[in-house]
Amino acid sequence: MRLSDRQFLLVTATALLAVATHFGQLPAWLAMCVPTLILLRVAHRRRTQRKVALWLRVPLLFTLLAAIVMQFGNVFGREPGSALACAMLAMKLLETESVRDARAALGFSAFVLMSALLNSQGLGITFAVCASLVPLLAALVALQPAATPTPHVWRSELKTAGALFGLGLPLALAAFLFVPRLGAPLWGSPGGFQDARTGLNDQMSPGSMTDLLIDDSPALRVTFAGAVPTPDTRYFRTLVMWDFDGASWLSSGWRRPGSAETLRTLAEPVDYEITLEPSMRPWLPALDVPLDVPLDAPADARMDSTHTLAARKQMGELRQYRLQSATSYRLGETLDERDRARALRLPAEFNPQTLALAEKWREESDSDLAISRKALELFNASFHYTLAAPLLGRHSVDEFLFDTRAGFCEHFSSAYVVLMRAAGIPARVVTGYQGGWWSTTGEYLLVRQSDAHAWAEIWLQDRGWVRVDPTSAVDPVRVEFNAASGGAGPDWMYGNWMRNLRNQLDLVNRMWTQMVVGFNAARQANVLQPLGISKATRSQLLLILSSGIALILLLATAWVLRGDKRRWVDALDAAWRQLLVKLERSGLGLQPAEGPQTLLSRAKQHLRDHPVQPRLKLLVECYVRLRYATAEPAPQDIRAFANQVRALRLPGRGFGKR
């Protein structure tokens, strides 16, 4: 059976919406190619009712497949798999002309919609997927055989689809709560997913953080048990980098437990809880500096000697952990010779101008602090903060200090540490997040990926490791507010009104994240606590699930079979019943098991010579012809009969008594 134009448009619209949910993950060329291919197919079908020729479909199929393999290197994994699914869906529409093909395309569209949730489970994408299900269901309704034509067919199909969607919600909720969850994500497939999430890397080179600083997605959210730390103390320590090869800084790696740097708090610690977004990185950011490993952190979490936290596995799902940190402290007041040598090491034959400047400062200064002040004064005098930093060559620090004099946090922190080491001051780079936006409504601190930051630590006698933020010497606004306020984005996007709007929207996202995305196996085990079950087993969850589904189906059956018998008559009988109601209201008493002709005879006596008698006679004769003389009345004849019944006006109840 061939598709009508309306059916085909519903199928193509569903496929287009399914592909649209992947636009954020698809390569730009494919995000343009697939919708264009679908729209060209719609235009092709307007001219002819035939499939696209096979000689055109086959080369196009292999071309798309080869392009995807060249883009990703293979077709396995979430990103290449999603791209391949979207391309194959578009190819399927090129041969879709029958109802069978349309149902296959809709099933494929449902799969593409589901796969969009493998990349993100955020509120926006979830609502987009749910909204796309309505036209998908409407298309399935339109493909049903022997559907009775109605004057508003589009509205009728969408209404039916909406009803089906609503009826499926209770079952979906029951499955969400009680289907046993795996301890790890089901979609842990190989192939490049590390690039599908943004986060800090274990190495830093000029320009490596640019993508983060323009990424406005949430990185973590923080709630505090007491007073909220001031903006200048909101440094979230993530990685400490010791080793410099002339181009990149590398993380220190894990050290033996006995080499842990001592920490002495100088003020009351801060109690707080972090909700960490999935990043596919093992790092666990903590307010500078954490006191110990959080008790409720992942079981494999551990603390480095430099008081940085990480897990053995990548953070592929939402994580929550509570911490205590000291914002006023003495860290590593003693420095052994091994760490001192490492904190002074510089690669040979790199940045000769920088080394000469540092040696000059050492000769002119009487303390390490004086040298540090000279570096900060240099940055403050003639440097500016920008994300559009020029590219740097082999002697990157020399070019930055004496030529370009423009960059962002990683340029300033790298140059500062090289200057300090060249002057004989132990120094290292620290990366993490700084700042964040405080939500007064939700009372939590939102830290976005654009708040990624790099600063420095220098070791001073009797003080230990001291945090120094060279970026603040160039652009204090960056530390007081955030990276965006320091020039990381357009003014219209980071104005006060937009910031407040984004904070309010993030409050909704936070609730969604905590209630839905963060509903993991551990929280599911506690879902039956109101019933007295402290830790629900899988068998108990399945029992509750089956009982809930049975109850939902029972209630649905009771609703369908409720006592309104009028729901079970067809359109012709419904119109006849309406005519009987009108006759009864005019004073004609109805008799059980009375046929139409007998009823007409009594109605003539009741109405006597009233002018409505001929119209009533025609209506009864029409009903008899449609009901008893026709095998299957035409829908338009039934509608005409129903319209005539609605237009009939009978006299009041007192007419027959005169």
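Nonpolar patches, as the term is used here, are made of residues with over 30% relative accessible area and no salt bridge, with nonpolar side chains joined within 5 Å. The views below show a predicted model.

**View 1. A nonpolar surface patch that includes Leu-54.** Five residues are shown: Leu-54, Val-58, Phe-62, Leu-65 and Val-69. Together they make a nonpolar surface patch of about 420 Å². Leu-54 belongs to helix α3, which covers residues 54-72. The relative accessible area of Leu-54 is 52%; exposed means over 50%, so Leu-54 counts as exposed.

**View 2. An open sheet of five strands.** The strand order is β11-β6-β2-β17-β16, and the pairing is antiparallel. Strands β11 (319-325) and β16 (437-439) form the edges, each pairing on one side only. From one strand to the next, the twist averages 25 degrees.

**View 3. The pairing of strands β2 and β6.** Strand β2 spans residues 218-224 and strand β6 spans residues 270-276. The two run antiparallel and are joined by five bridges. Opposite Thr-223 stands Glu-273 of β6.

**View 4. The aromatic pair of Phe-127 and Trp-512.** The whole structure holds 15 aromatic pairs. In the pair of Phe-127 and Trp-512, the ring centres are 6.4 Å apart and the planes meet at 40 degrees, so the pair is tilted. Phe-127 lies in helix α6 (residues 123-142) and Trp-512 in helix α17 (residues 496-517). Phe-127 is exposed, at a relative accessible area of 55%.

**View 5. The aromatic pair of Phe-224 and Trp-438.** This pair is also tilted, with 6.4 Å from centre to centre and 40 degrees between the planes. Phe-224 is in strand β2 and Trp-438 is in strand β16, 214 residues apart, and the pair links distant parts of the chain. Phe-224 has a relative accessible area of 14%; the cut-off for buried is under 20%, so Phe-224 is buried. Trp-438, at 28% relative accessibility, counts as partly exposed.

**View 6. A cluster of Phe rings.** The members are Phe-379, Phe-383, Phe-400 and Phe-412. Ring pairs link these residues into the cluster.

Technical notes: Residues numbered from 1 in each chain as written. Predicted model: local features only at pLDDT ≥ 70, side-chain atom pairs only at ≥ 80, totals over all residues. Heavy atoms only, no water. Pairing = 2+ DSSP bridges. Helix = DSSP H or I, 4+ residues; strand = E, 2+ residues; numbered from the N terminus. Axes fitted to C-alpha atoms, helices over the stretch in contact; angles between N-to-C directions. Patch = residues over 30% accessible without salt bridge, like charges linked within 9 Å, V, L, I, M, F, W, Y side chains within 5 Å. Areas by Shrake-Rupley, 256 points an atom, 1.4 Å probe, with all protein chains shown as cover. Salt bridge = Lys/Arg side-chain N within 4 Å of Asp/Glu carboxyl O. Buried < 20%, exposed > 50% of the residue type's maximum accessible area, 1.4 Å probe, protein only. Phe/Tyr/Trp six-rings, centres within 6.5 Å; stacked < 30°, edge-to-face > 60°.
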